[in-house]
Amino acid sequence: MKKIVVIIALTISIVSCNKPAAEVKEVKTAYVDTSVLMKEYTGTKDLDAKYKAKGEEKGRQLQAEIDKFKQEASNFQAQAQANGQAWAQQKGAELQRREQQLAQAQQALSQQLQQEGGTEMDSLVAGVKRTIKAYGKEKGFTYIYGTGDSNASILYAEDKLDITKDILKLLNDKYKAPAAKEEVKK
């Protein structure tokens, strides 16, 4: 009797381990080189260009004030002897305040541009992640890993698993699409 119970238990365990191939899900993986993706993505390039131009424009305005200040400081040196010590002290203190204000304005401008750019970059990155997720679902991937210079999560992968170019093309096509729609409307 014990032999029959053992044989039945053994048979059940063997049968339960032999699942049909249809029940075994294939694990499909790939990776994206995020540093290449973000460097080559048109959206990133446009965002960088936007904030570079914005920085240059606002920087020119501030630079004009700095140049004016430098001219006044230069004139101060020449006028200090002619106008006396009391005038020189008063004007020197005024110039120091303006120099501090200009330095603060430069710092504030830099922080403002950095904050605005960071917010837009976060939004862009979120869109990239949504696109990769949709791509993964559409193509049947179980996992898509990210790799890059600063945030590598893959130490090795076969080149055939690299889908960076596919994602980059998808993102760039998607990025160009709204621009094409806007041109048609005009």
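**Terms and their grounds**

Q: Why is Asp173 called partly exposed?
A: Asp173 has 37% relative accessibility; buried means under 20% relative accessible area, exposed over 50%, and partly exposed in between (1.4 Å probe, protein chains only). Asp173 therefore counts as partly exposed. This is a predicted model, in which local features need pLDDT of at least 70 and side-chain atom pairs pLDDT 80 or more, whereas totals for chains, interfaces and linings use all residues. Residues are numbered from 1 along each chain as its sequence is written, and side-chain values use heavy atoms, leaving out hydrogens and water.

Q: What makes Lys169 and Asp173 a salt bridge?
A: The term requires a side-chain nitrogen of Lys or Arg within 4 Å of a carboxyl oxygen of Asp or Glu. The closest N and O atoms of Lys169 and Asp173 are 2.7 Å apart, so the pair qualifies. Both residues lie in helix α5, 4 residues apart; helices are DSSP runs (H or I, at least four residues), numbered from the N terminus.

Q: Why is Lys169 called exposed?
A: Its relative accessibility is 51%, so Lys169 counts as exposed.

Q: How do you know that Asn172 is buried?
A: Asn172, also found in helix α5 (residues 164-185), has 12% relative accessibility and therefore counts as buried. Asn172 touches Glu40, Tyr41, Thr42 and Gly43, not counting residues up to four places away in sequence; contact means heavy atoms within 4.5 Å.

Methods: Helices (H or I, at least four residues) and strands (E, at least two) are DSSP runs, numbered from the N terminus.
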